[in-house]
Amino acid sequence: MNARIRWWLASAALVLGVAAQAQDDFRGGRIVVNEKLRAVVTVNQRSYQLSGRASGHIGFTFEDLAKGQLPVGAMNVVFFGVDQEGFTRQPPKGDKDGLLAFSLDTSQPQTLGFNPGLRAIFGDLRGRVELSQFSEFLTTPPRGEPDDHDFTVETQPATLRFVMVLDDVNLTEQGLRGVEQRGGRLALVLTADSAVVHQVEMPRYVIAKEFLPFRYDITWIPLEVGRRLCLQPVRVLERIELQGTCPFCSFVVEFSGDGLAFGQPGVKKQWDKADVTFEYRDWISVWNGAYADLTTGEADALRAEVDVDDCVEVFFVESISPQGTWGGGATWGSGLASAKVISSDENANVQPVNETHLAHELGHVVTLAHPGSGYPTAGAPYRADGNTGTLMCPSGFFADNPRVNSDENKTNANNPLMTFAFKVRTAPPDCADDADCGPCYTISP
Ligand SMILES: [Zn+2]
């Protein structure tokens, strides 16, 4: 496609986006839950104590309350420090302990029942369970596969039985003056079905948390639900140089990582529109200079170098060889708590640069696939299509993804590590859906 046509498509998409600007017009009550959890599980004839958290939000209208069906926005359960081999019976390549997480199946709307007589919000939610070790079972496929920078890690089908017993059952009066904190008791039963995960047979098991006191936030005033996700940046050693003659010598140590500061403004600009805030931890350094110019064959070893249970790891390398591999970066385990990204600093350092590369990879981290590539694949979590005309369009190396985000991308963005909090309303995304956002295009230099 020549530059003029590309420019015209870009302009048309931008005009359409402004004309039909989407609005978050939800009016009703909202509940946000962020609760620490302790639970027990017996698997492969051994019992384990687990600790972690449940995070979710539920939005409802008067009609939903009258029908006794409350739409679930998100419900994540994640346990940290879990003995991976105890579940998988496979020796770990990376950390012995890792995470176990439940993510909601978002292919169909899911609801919880509400019964004022029982004072309860309850129901079974469909989803999938991952262990962080599952991503070790995936060998990075050779180049040339479709969507070959967005690699799917398989999971186990699962059901989350959710029961909230409320101290005060009048949900229409709570939260009318602002955000109110209320109490109750919460029980969870998470059942993972037996499944074959990347050729490893996983057993069925049940994780149960008894009724324990918990608090929830509720409001009927028009606030939005903000979502937060922790990122763990990882840099690798580029070079150590000795300067001068010892004993008056000094060392210069250089790391990769230019892509982080370069990509952050694009991440903030695009994901603020969708009320997703990424929180960055301080660097973890890998002291192995062999990874600085990464080949695809080294990617699995680099991924295994750092495992942080409660954050998504983003590895920055100086370059990926050959240049342009994976369009300059890739995501493994898209949509999972154990997702990992590898990104080349060439996106920041080699002209023409790519301002939306990191924002695009983080779109994969929050489950979004390329337009037309979303799927319910057997064994994998449901992946929603990213919208055409948005940052989820694949751009290839040396080109920017559209600097546009959409209402549908916002609705579908999720990761089991996300936590939730009420926030004041901010500007909505640029456009609503495929029809509104226009076709995919790339911004050429
Ligand atoms: Zn992509």
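In this predicted model, the domain assignment divides the protein into domain 1, made of residues 7–23 and 230–419, and domain 2, made of residues 29–143 and 153–225. The centres of the two domains, taken over C-alpha atoms, are separated by 27 Å. Where the domains meet, 28 residues of domain 1 are in contact with 34 residues of domain 2. The side of domain 1 that touches domain 2 consists of 13 nonpolar, nine polar and six charged residues.

The protein as a whole contains ten helices and 22 strands. Its radius of gyration is 23 Å, close to the 22 Å that the globule rule gives for 445 residues, so the protein is as compact as a globular protein of that length. Along the principal axes, its C-alpha atoms fill a box of roughly 75 × 60 × 45 Å. Of the 445 residues, 47% count as buried. Among contacts with a separation of 6 or more, 74% are between residues 24 or more positions apart.

One helix pair can be followed in detail. Two packed helices are described by the angle between their axes and the distance between the axes. Helix H5 (residues 258–272) packs against helix H8 (residues 357–365) at an angle of about 65°, and the axes are 7 Å apart. The crossing of H5 and H8 is right-handed. On the H5 side, the contact is formed by Gly 259, Gly 263, Gly 266, Val 267, Gln 270 and Trp 271, which meet His 357, Leu 358, Ala 359 and Leu 362 of H8. By class, the residues of this contact are five nonpolar, five polar and no charged.

H8 is mostly covered, with nine of its nine residues buried. The buried residues of H8 include the histidines His 357, His 360 and His 364, as well as Glu 361. The peptide bond that joins Gln 351 and Pro 352 is cis, with omega about -5°. After H8 comes Thr 367, whose phi is positive, near 80°.

A further cis peptide bond runs from Ser 321 to Pro 322, with omega near -10°. Pro 322 sits in the loop between strand S19 (319–321) and strand S20 (329–332).

Positive phi values also occur in loops between strands. Gln 45, in the loop between strand S1 (29–43) and strand S2 (46–60), has a phi near 65° and is a residue other than glycine. Gln 45 counts as exposed because it has 6 C-beta neighbours inside 10 Å, and the cut-off for exposed is 12 or fewer. His 198 lies in the loop between strand S10 (195–197) and strand S11 (200–202). The phi of His 198 is positive, about 45°, although His 198 is not a glycine. With 15 other C-beta atoms within 10 Å, His 198 is partly exposed.

The loop between strand S13 (224–243) and strand S14 (250–255) contains Pro 247. Pro 247 has 5 other C-beta atoms within 10 Å and is therefore exposed. Pro 247 and Gln 199 are 48 residues apart in sequence, and their C-alpha atoms are 56 Å apart in space.

Terms used:
Residues are numbered from 1 along each chain as its sequence is written. This is a predicted model: local features need pLDDT of at least 70, side-chain atom pairs count only at pLDDT 80 or more; totals for chains, interfaces and linings use all residues. Axes are lines fitted to C-alpha atoms, for helices over the stretch in contact, and angles run from 0 to 180 degrees between N-to-C directions. Helices (H or I, at least four residues) and strands (E, at least two) are DSSP runs, numbered from the N terminus. A crossing is left-handed if the near helix is turned anticlockwise from the far one by less than a right angle, and right-handed if clockwise. Two residues are in contact if their C-beta atoms, placed from the backbone, lie within 7 Å. Ala, Val, Leu, Ile, Met, Phe, Trp, Tyr, Cys and Pro count as nonpolar, Asp, Glu, Lys and Arg as charged, and the others, Gly among them, as polar. A residue is buried if 20 or more other C-beta atoms lie within 10 Å of its own, exposed if 12 or fewer, and partly exposed in between; C-beta atoms are placed from the backbone. Domain bounds come from an automatic or database domain assignment. The radius of gyration is taken over C-alpha atoms; the globule rule is 2.2 Å times the number of residues to the power 0.38.
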